[in-house]
Amino acid sequence: MPTPPPIARKLKKVLIANRGEIAVRVLRTLREMGIRSAVIYSEPDRQSLPVLLADEAYPIGPAPSRESYLKGQEIVDLAKRIGADAIHPGYGFLSERSEFARMCREAGVVFIGPSPEAMDAMGSKVESRRRMIDAGVPVVPGGRDPLADAAGAAEFADSIGYPVMIKASAGGGGKGMRRVDSEAEIAAAFRGASAEALASFGDGAVYIEKFIVDPRHVEIQVMGDLHGRVVSLGERECSLQRRHQKVVEEAPSPVVSPDLRRRMGEAAVRAASAVGYANAGTCEFLLDADENFYFLEMNTRLQVEHPVTELVTGLDLVYTQIRVAEGEPLGPEFDDVQPRGHAIEVRLYAEDPFQKFKPSPGKIHLLRWPEGPGIRNDAGVYEGAEVSIHYDPMLAKLIVWAENRPRALDRLSRALAELRIEGIRTTAPLFRALLADPDFRSGNMNIGMLDRKLASGELHGLGTEESGDLPLIAAAIHHFERAQRATAVPRTTGRRTLWRAAGRRDALRPGGGRKG
Amino acid sequence: MDLWVKLGEREERARVRRDGDGGYEVTIGDVVHKVDASALGRGAYSLRFDGVQREVVVRASGEEALRVSGASAAWEVEIADPLAHLAATTGGQDTRRRHRKVAAYMPGRVVAILAEVGATVVAGQGIIVLEAMKMQNEILAEADGTIKAIYVQTGQAVEGGDPLFELE
């Protein structure tokens, strides 16, 4: 089923079907490659950073995504009209919609991503699990088949090993779910779960799955070309999550050994190859304390956190995506990719960590990014820009690289000390608090850790630093200056009038006035 | 200039004067700081005092408060003329605080109005539901009272700072 290799053709103009930082990220590489960039924008995005940086920009509709960035057919029609020979979907929006990839194919526009068939195969949980098992990729052990009775449950649990989770076949919302740690508890748990499932869903069928204790989220970046070759570019550790949203990502993982990296990489390559995967993709795994890993799902697109992989491999993934889309085979630089040094990314959101992460839209009144050695900043905003209420509140990704993890942590700390954003609240204080957290510093993480620490208030030593008289001095001087200005310039005398008066004085002075 | 300042639980008398060298003499409580302040524009200052340099940004935050942001933390400082503060805390406050206009804290859209003009409400009761960034937030009454006016309608887009309702 692999797509026949197309005739290699150089892309001349690419339409970016996205917004914000990822649109900026893609168009930067396009510019480096001498490819013309076109972007789309919704009404509130007219002055957004990608529009300002693009060679061409086209309005696509009003603010709501479904009336703008999600209008697949309009976007494909636009690409045809402006003579773009490819579309880069970024992440989110249309990036994982196979029907959009099909529309592109039918219109003769290159979709910079995998084939719609590969997207479909990975898009369905049931289908992808079956295919992964066939391909020898480890999945969370268990069966979707309902268990007949308590004895059957005990036998099955024994075959996959404790602890296990009993789940309702018709289930959801935790109803009919039981964690079971030993054989002694299984019969009672089976009967309890089954009765609860019957009461909640009118169906008492339950199945058993292995319970993974405090897993990490470790994912493998893969890249495939149109000639059937798929390679692993190593792992990313993404265990720090808030409500299932990644907050901090790093590469390599602090706990993945070269041997484990090779085994996980091989599994990811098998997974991608099983569906004829081409272009950039990511296989997500749960990793337990005994180095067992289990395939969760494949993201059939470029990931938000791709820069950490770029920094430790030295590769430009967007460049590779475009070369692959042009029909180029992966070169020798992909033969045995190993990480060098350590990279950490933090996602800067317009949310107030002191107020339960309430969104904080508004105008960015003052902005200064950190710079200097080992710092990369992928932002979608600039000073003076308005952070809109309509879209994902991610402002930027701040990424640091250093020769090892302790140095990278120190560099991140330094970067955050340089960062200045005023006018809106951001999640920067959360990262400062994390940098002081002994578990994060030692790389001891799992997917539930951040939510637990936030709930327990453990991190909310956040920002309560000893201030001394600094804030009072600053406020007093500012107040004083404000009062001085208010009395020095009467309200009726506008600034313009003063300028005009000064201009007149200059003009009246002998030899005055502005010339040439 | 004499001032009253408050940071968290800490209340102080403060005094600011220009010194002869183009700097300031800032007294907080009974500690005198000689401060060199260089204004960087838009509320930003480089302050040199007591052997350190700190960059801070000062912005208005409500009627009598300033938000001071340092490199790794931010603080809310209440600041007032000492006489005005005295008046406010000894009876003047009542007349000032009775009428409370509540404004939108960020731009958004009004999706529901939960109380009517004339309704008696209690502190913490939801009055208006504002949608911003795909999240709905209830704007609450800050104190017990009566709704004197509602300035918005369901479906209306509002800017941060726009008045929503008035509590009496």
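This is a dialogue on how to read some features of a predicted model.

Reader: Start with chain A as a whole. How many helices and strands does chain A have?

Author: Chain A has 17 helices and 22 strands. The C-alpha trace of chain A spans about 105 × 60 × 50 Å along its principal axes. Of the 516 residues in chain A, 45% are buried. Among contacts in chain A with a separation of 6 or more, 65% are between residues 24 or more positions apart.

Reader: Now the sheets. In what order do the strands of the open sheet of five strands in chain A run, and with what pairing?

Author: The order is β3-β2-β1-β4-β5 in chain A, and the pairing is parallel. An edge strand pairs on one side only, and here the edge strands are β3 (56-61) and β5 (110-111) of chain A. For one pair in detail, take β1 (residues 13-16) and β4 (residues 86-88) of chain A, which run parallel and are joined by three bridges. Ile16(A) has His88(A) in β4(A) as its bridge partner.

Reader: Which strands of that sheet does helix α1 of chain A lie across?

Author: Helix α1 (residues 20-32) lies across β1, β2 (36-42) and β4 of chain A. Its direction is at about 165 degrees to β2(A).

Reader: What is the strand order in the open sheet of eight strands in chain A?

Author: That order is β13-β12-β9-β10-β11-β14-β21-β19 in chain A, with antiparallel pairing. From one strand to the next, the twist averages 25 degrees. Within this sheet, four bridges join β11 (residues 245-251) to β14 (residues 342-349) of chain A, and the two run antiparallel. Glu249(A) stands opposite Glu345(A) in β14(A).

Reader: Which strands does helix α12 of chain A touch where it packs on the sheet?

Author: Helix α12 (residues 405-418) touches β14, β19 and β21 (394-402) of chain A. The direction of α12 makes about 140 degrees with that of β21(A).

Reader: Next, helix burial. How many of the eight residues of helix α13 of chain A are buried?

Author: Seven of the eight residues of α13 (residues 428-435) of chain A are buried, so this helix is largely enclosed by the rest of the structure. The buried residues are Ala428(A), Pro429(A), Leu430(A), Phe431(A), Arg432(A), Ala433(A) and Leu434(A). They pack against β11, β14, α12 and α14 (438-441) of chain A.

Reader: Which residues of helix α5 of chain A are buried?

Author: In general, an α-helix has 3.6 residues a turn, so residues three or four places apart point the same way. In α5 (residues 116-123) of chain A, the buried residues are Pro116(A), Ala118(A), Met119(A), Ala121(A) and Met122(A). Their cover includes α4 (98-107), α6 (125-134) and β13 (293-299) of chain A.

Reader: At roughly what angle do the axes of α4(A) and α5(A) cross?

Author: They cross at roughly 170 degrees and come within 8 Å. Angles over 145 degrees count as roughly antiparallel, and α4(A) and α5(A) are therefore roughly antiparallel to each other. Ser98(A), Ala101(A), Arg102(A) and Arg105(A) in α4(A) meet Pro116(A), Met119(A), Asp120(A) and Gly123(A) in α5(A). By class, this contact has three nonpolar, two polar and three charged residues.

Reader: And α7 and α8 of chain A: at roughly what angle do their axes cross?

Author: The axes of α7 (residues 150-160) and α8 (residues 183-201) of chain A cross at roughly 135 degrees and come within 9 Å. That angle makes α7(A) oblique to α8(A). The crossing is right-handed. On the α7(A) side, the contact has Ala150(A), Ala153(A), Ala154(A), Ala157(A) and Asp158(A). These meet Glu183(A), Ile186(A), Ala187(A), Phe190(A) and Arg191(A) in α8(A). By class, the contact has seven nonpolar, no polar and three charged residues.

Reader: Last, the interface. How many residues of chain B are in contact with chain A?

Author: The size of an interface is often given as the accessible area lost when the parts come together. Here the account is by residues: 43 of chain B are in contact with 28 of chain A. Strand β6 (residues 52-60) of chain B gives the most to the chain B side, with five residues. By class, that side has 31 nonpolar, eight polar and four charged residues.

Methods:
Residues numbered from 1 in each chain as written. Chains lettered and ligands numbered in written order. Predicted model: local features only at pLDDT ≥ 70, side-chain atom pairs only at ≥ 80, totals over all residues. Contact = placed C-beta atoms within 7 Å. Nonpolar A, V, L, I, M, F, W, Y, C, P; charged D, E, K, R; others polar. Pairing = 2+ DSSP bridges. Axes fitted to C-alpha atoms, helices over the stretch in contact; angles between N-to-C directions. Parallel < 35°, antiparallel > 145°, perpendicular 65-115°, else oblique. Left-handed = near helix turned anticlockwise from the far one by under 90°. Buried ≥ 20, exposed ≤ 12 C-beta atoms within 10 Å, placed from the backbone.
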